[in-house]
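Hi,

Here is the model I promised to pass on.

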Amino acid sequence: MKTIYSLLLIVAFLVQPVLSNAQDSRALDSLFQVLDTAHVFNGNVLMREKGQTTYQYSAGLADLKTGKRHSLHSTFQIGSISKTFTAVAVMQLIQQHKLTLHDRYQTYFPDFPYPEIRIDHLLSHTSGLPDKEELFFPLIDEDSTRQINNQDIIPTLKQSKKALAFLPGSQWRYCNIGYALLATLVEKISGERFGDYLAHHIFRPAGMQHSYLLGNKAEDPNYTTGYLVRHHYLNDMEPISTSRKVRRWTYNLRGLYGPTNIVSTTGDLANYAVALDQHKLLSKGMQDLAFTPYQLTDGTLAAPGGEFGAANYGLGWFLPTATQLGRIVMHTGREPGFFTFFWHDQTHHRTIILLDNAESPGFGTACKQTVNLAYQTPFFPADEPGKRSLFLPFVRTLLKDGPDAAATLFNQLKADTAHYFTEERELNELGLELLTDHHDSAALEVLKLATLLYPQSWNTYDSYGKALLQSGRRKDAITMYRQSVQMFPGNVPGRKILQALTNDK
């Protein structure tokens, strides 16, 4: 599928290479009709320039069960684009002289165990704090029914006694926990619940009538269901609400707000961009400060890499360094079931927004080609036809024709690295998917192969141990779990299983 849609997109781009003017949408129509037909983009796209909508398109389904199609009113969980709103809220309080950037977080929360961390460190992702998975997954592994919220962060940080990864301000590392702490700070300083603060001080003045913090609206008939691939060897979709793979994010960690959990539409986000340009939310000076690359303690600029090219990072915003296009501020989002993209060109007052509710494989290509067409330049290189997975046909042959046929196929194709790729994570995931569906024999074959191909990975032994245990081969499972824990003592779940099987300490 990846090869097919890449070729189609290249053809579409060559047939209609540029927009002749702001109203000419034929090139974008060619692009999104291809994406829609190939089922590799599922959501809404909108482009606005100087306050006027120049293009919009709805592709695919908002609800696979009912067959309800997307409309311009579809609302999406926007993932980490939410961080820009949290940053705006903090900057508003600074503008009102209720905070300063260099205040220590501990000033407002005395129990916070890291006195050296300041507000600007949290905004710029330079705090060195552990992220939510590192902090809370061990607790969730102990109690799968536990639901985490913002009020759990400081007590857990105190209890864990984790050292910071680096001196605050010295390095850049993306951190969702920092933005949850900032949302809690907004609540304390403003005296309002975070969702209410957003509604009163950002959504309402920006004209964002359909936006809200998840949980703050009783019913939304336009809310889209988030989907992801249930099992890659079947290529079937499932809603995130029933997916076991992402339950820790969609159930256990769903209560964390600040880094994510805002729901919005393409139209509302375009209004947000206008409100920023017109300084309805922040003064020009305060906004310019947020859009200035953050300087680390060694004098260099925070410069995270990413799928959409070289960029610096300011206070809540990615800042692409390709100044030939204009002064760009942007953010992307990925939440289970959702991909999102917000691109705003301050120089030309041009905004590009794409929201997708199925983690579609063509999402990144759609974003890049839309930017190319908007600027009438191949800023992002056209996607080359991609390599295909070797492990997917291997697994499908294994299920259909047995292990000998699968081994024959694998040996025939493994040297063809020009057309096929192999990846440990994919093979391991496929094996675990088979195990979940109780294809025990096939799962054993796949996960055994993973240990042979990737013998330096502790995770392959852990997964193979799980399959052996499920198949009743306790002795062999113990050997695999022991190997995994010896290679990586931090494998806490594996260590607990091994202890239960052997009384090992």
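This is a predicted model: local features need pLDDT of at least 70, side-chain atom pairs count only at pLDDT 80 or more; totals for chains, interfaces and linings use all residues.

Before the strands, one term: two strands pair if DSSP finds at least two bridges between them. Strands themselves (E, at least two residues) and helices (H or I, at least four residues) are DSSP runs, numbered from the N terminus.

Residues are numbered from 1 along each chain as its sequence is written, and side-chain values use heavy atoms, with hydrogens and water left out.

**Overall picture**

The protein has 19 helices and 16 strands. Its radius of gyration (taken over C-alpha atoms) is 24 Å, close to the 23 Å that the globule rule gives for 505 residues, so it is as compact as a globular protein of that length; the rule is 2.2 Å times the number of residues to the power 0.38. Along the principal axes, the C-alpha atoms fill a box of roughly 65 × 60 × 45 Å. Of the 505 residues, 53% count as buried, meaning under 20% relative accessible area with a 1.4 Å probe, protein chains only. Taking contact as heavy atoms within 4.5 Å, 64% of the contacts between residues at least 6 apart in sequence join residues at least 24 apart.

Strand β14 (residues 350-356) is mostly covered, with seven of its seven residues buried. R350, I352, L354 and D356 point one way from β14, and T351, I353 and L355 point the other way.

On one hand, β14 runs antiparallel to β1 (residues 43-49), and seven bridges join them. V45 has L354 as its partner in β14. On the other hand, β14 pairs with β13 (residues 338-345), again in the antiparallel sense and over seven bridges; here F342 stands opposite I353. β13 and β14 form a hairpin with four residues between them, and H349 in the turn has a positive phi of about 50°.

β1 is mostly covered as well: seven of its seven residues are buried. Seven bridges join β1 to β2 (residues 52-59), and the two run antiparallel. E49 is partnered by Q52 in β2. The hairpin of β1 and β2 has two residues between the strands, and K50 in the turn has a positive phi of about 50°.

**The three-stranded sheet**

There is also an open sheet of three strands in the order β5-β9-β6, with antiparallel pairing. β5 (76-77) and β6 (212-213) stand at the edges with a single partner strand each, so one side of each is left without a neighbour in the sheet. β6 and β9 (residues 262-264) pair over two bridges, and L213 stands opposite I262 in β9.

S264 lies in β9 and is buried, with a relative accessible area of 0%. Leaving aside neighbours within four places in sequence, the contacts of S264 include F76, H210, L269 and L355. By comparison, S264 and R230 are 34 residues apart in sequence and 25 Å apart in space, C-alpha to C-alpha.

Cheers

Definitions and conventions
Buried means under 20% relative accessible area, exposed over 50%, partly exposed in between (1.4 Å probe, protein chains only).
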